[in-house]
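Dear colleague,

I am handing over the structure below, and I would be glad if you could look through it before reading my notes.

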Amino acid sequence: MRKGNTTISTSELLRTPPGPLYRWLGDGIFSWTVFILGMAVIVSTILMAIVLYLDGAEAFSRFGIWGFLRGRVWDPGSSFVFGSLPFLFGTVITSVVSLLIAFVPAVAVALFTAEYSPRWLSQIIENLINLIAAIPSVIVGLWGVFVLAPWLRGTIYTPVYLWTLDNAPSLLPILGNPIGYGMATATLVLAVMIIPYTTALTVDALRLVPREQREAAYALGATKWEVIKMAIIPYARGGILAGAMLSFGRAIGETMAVAMLIGNRNTLPFSIIGPASTMPSVIVNEFREAVGNLHLSSLMAVGFYLFLVSLAVNLVAAHIQRKFSFTGGRAV
Amino acid sequence: MISLQRRYMYDKLMKLFFAVNTVLVLIPLVIIISYVVVQGIGAINLDFFTQELGSPSRAMRGQPTGLVHTIIGTFVIDFMALIIAMPFGLGAGIMLSEYPDHKINPLLRIMTDTLNGMPAVLKGLLAWALVVKPMGGFSGFAGGVALAFVMLPILARSTESALMNIPWSLREAGLAVGLPRWRVVMSVIVPASKTGLVTGLLIAFARAVGEAAPLLFTSFGNNYMPNRWTGWIFGPVDSLPQRLYSLAISPYRQWHELGWAAGIVLLSLVILSFIVARLATMEKKYR
């Protein structure tokens with residue numbers, strides 16, 4: 001039983017009480033309707049995997065499942081050879097680095113809202129943070145295209161490029177050309193976009209820490225920071241990690257802002273500020289203008305890998321959350 | 001042993017560090033919103049809300065251009081998505097909250113979260129394969145289906161939490177006066193959680209209204225008003241986020257300004273539904 005101290009158990013309650021046939025019929029119809037409607041969620045997730053796999057089958061049979069994954073060439077123009085490694089690489093690098101950038105500030109904001117600030121202030125900050133999460137990706141992309149990218153090119157990339165040109169020209173290929181659109185810009189924007197998710201999920205994790213846990217630490221004479229360090233973070237660890245994982249999943253799937261800012265170059269990225277591509281960005285950029293069935297099928301196959309990566313990240317996050325939320329308190 | 005003074009100093013420093021981070025994180029919000037407003041406000045006029053976009057030459061020659069078909073299209077697609085997703089989302093939510101012992105529920109919960117975590121662009125591909133390919137063309141309906149996949153898990157989860165907020169004793173009261181279970185759910189629990197359900201709808205709407213990726217290859221976009229009303233459903237339909245994208249990457253300066261203006265409208269739509277949803281939850285909390 002979930003609420004109140006009642007003697008009836010949930011499963012007992014769920015059984016339809018004895019009565020005339022129409023009562024049984026009504027309950028039966030209702031529960032089956034709800035069941036079938038609810039199954040739509042499961043069906044659409046499974047359907048997504050099937051559809052992406054089937055539509056990508058042509059690419060898989062031509063290049064092989066591993067061959068497609070490992071292929072470094074993506075050439076819809078002349079040779080019609082397709083491989084997804086450049087996009088996998090671009091996706092992983094941009095998402096990992098953006099998470100690394102976003103993690104500390106996001107947790108810091110969460111700690112400030114949940115632990116330090118008074119209630120009225122934390123309400124305001126939380127709402128503003130959620131508002132950032134609500135800004136559509138395409139608007140962030142628009143701002144990035146017209147404001148951030150030119151600014152970065154003029155103020156940071158070009159001076160660094162010129163400095164490297166004068167002092168360490170051998171590093172230039174790694175740095176890349178300062179055109180403004182590229183991996184570094186996309187990563188920065190991704191970081192801004194995932195901070196709100198990480199913060200919100202971390203705040204949730206911090207709110208789950210029992211009061212006794214804090215009070216015990218305070219009773220030992222700890223300062224607030226020491227309480228956070230020794231009592232709160234170890235307890236909330238699982239929730240914070242799961243939150244980071246889920247934000248990582250968001251970064252992987254983030255499409256519009258990245259597609260507008262990453263520069264869209266379909267080869268393995270080798271430079272930091274130079275153009276690259278990610279799995280979602282190549283789908284968005286090429287799907288409408290796909291040349292022939294093999295190209296289309298290859299894009300679907302990229303989608304299939306994107307599905308697998310997202311699925312893995314989500315399941316790992318769920319696993320971390322389940323595993324740590326019960327042992328976190330005891331395992332300090 | 002660290003001295004007491006040191007420890008207090010660390011405490012103060014960390015507090016400062018957290019506060020500085022908070023300010024830093026909020027800066028992009030201010031910058032983005034103010035840029036969109038400043039750049040786009042000039043293009044917001046009567047033409048913007050009454051004219052269609054037309055070809056690029058129309059804007060270059062200084063003829064009136066606007067995004068009326070885009071704004072209508074956004075609502076058409078999003079309401080279609082809401083109508084498609086609502087029964088399934090409500091069903092899944094009722095399943096999760098009213099039949100907590102059911103064997104399918106752990107799986108349903110995991111699948112809901114998984115679907116929610118799936119990139120929206122994949123939901124677009126799914127809708128493309130299910131609707132665009134068999135029907136042989138881009139359509140507003142396909143866009144609605146794509147956005148329905150975006151809304152579905154959000155609706156399921158928000159419905160679940162809205163129904164869970166209703167005390168269990170209310171269900172028992174319903175059963176005690178002899179109502180069958182389905183009447184308890186439909187006539188007692190669902191009406192009682194109305195605020196929560198509406199909040200969920202608004203959040204799902206706000207999330208889906210900003211999605212561009214799934215619409216690019218389902219509803220495709222259109223520079224003109226459809227000729228007949230069926231064109232809104234069976235023909236290509238424009239919507240704010242994906243029009244914003246195509247205006248931004250277009251080479252015409254006049255269209256860029258329209259893009260910023262579309263940004264203002266889109267942002268107001270999102271923020272408005274966000275604020276209304278927040279207010280509704282707050283009211284519930286303090287009641």
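What follows is an account of what was found in it, taken topic by topic.

Please bear in mind throughout that this is a predicted model.

I begin with the interface between the chains. The size of an interface is often given as the accessible area lost when the parts come together. Between chain B and chain A the buried area is about 8200 Å², and carbon and sulfur atoms give 78% of that area. Chain B brings 92 residues to the contact and chain A brings 85 residues, while Phe18(B), Ile32(B) and Trp168(B) supply 8% of the area that chain B buries against chain A, which is more than any other three residues.

If neighbours within four places in sequence are left aside, Asn314(A) is in contact with Leu246(A) and, from chain B, with Asp113(B), Thr114(B), Gly117(B) and Met118(B).

Within chain A, helix 10 (residues 211–219) packs against helix 11 (residues 224–253) at an angle of about 145 degrees, with the axes 9 Å apart, and the crossing of helix 10 and helix 11 of chain A is right-handed. Helix 10 of chain A contributes Gln213(A), Arg214(A), Ala217(A) and Tyr218(A) to the contact, and helix 11 of chain A contributes Lys224(A), Val227(A), Ala231(A), Ile232(A) and Tyr235(A). Sorted by class, this contact has six nonpolar residues, one polar residue and two charged residues.

Lastly, a point on the backbone. Most residues other than glycine have a negative phi. Asn264(A), however, has a positive phi near 55 degrees; Asn264(A) lies in the loop between helix 12 (256–261) and helix 13 (279–286) of chain A, and is partly exposed at 33% relative accessibility. Phe220(B), also not a glycine, has a positive phi of about 70 degrees; Phe220(B) is found in the loop between helix 11 (213–216) and helix 12 (231–234) of chain B, and is partly exposed with a relative accessible area of 31%.

Terms used:
Residues are numbered from 1 along each chain as its sequence is written. Chains are lettered from A and ligands numbered from 1 in the order in which they are written. This is a predicted model: local features need pLDDT of at least 70, side-chain atom pairs count only at pLDDT 80 or more; totals for chains, interfaces and linings use all residues. Side-chain values use heavy atoms; hydrogens and water are left out. Axes are lines fitted to C-alpha atoms, for helices over the stretch in contact, and angles run from 0 to 180 degrees between N-to-C directions. Helices (H or I, at least four residues) and strands (E, at least two) are DSSP runs, numbered from the N terminus. A crossing is left-handed if the near helix is turned anticlockwise from the far one by less than a right angle, and right-handed if clockwise. Contact means heavy atoms within 4.5 Å. Ala, Val, Leu, Ile, Met, Phe, Trp, Tyr, Cys and Pro count as nonpolar, Asp, Glu, Lys and Arg as charged, and the others, Gly among them, as polar. Buried area is the accessible area (1.4 Å probe) that two parts lose on being put together, summed over both. Buried means under 20% relative accessible area, exposed over 50%, partly exposed in between (1.4 Å probe, protein chains only).
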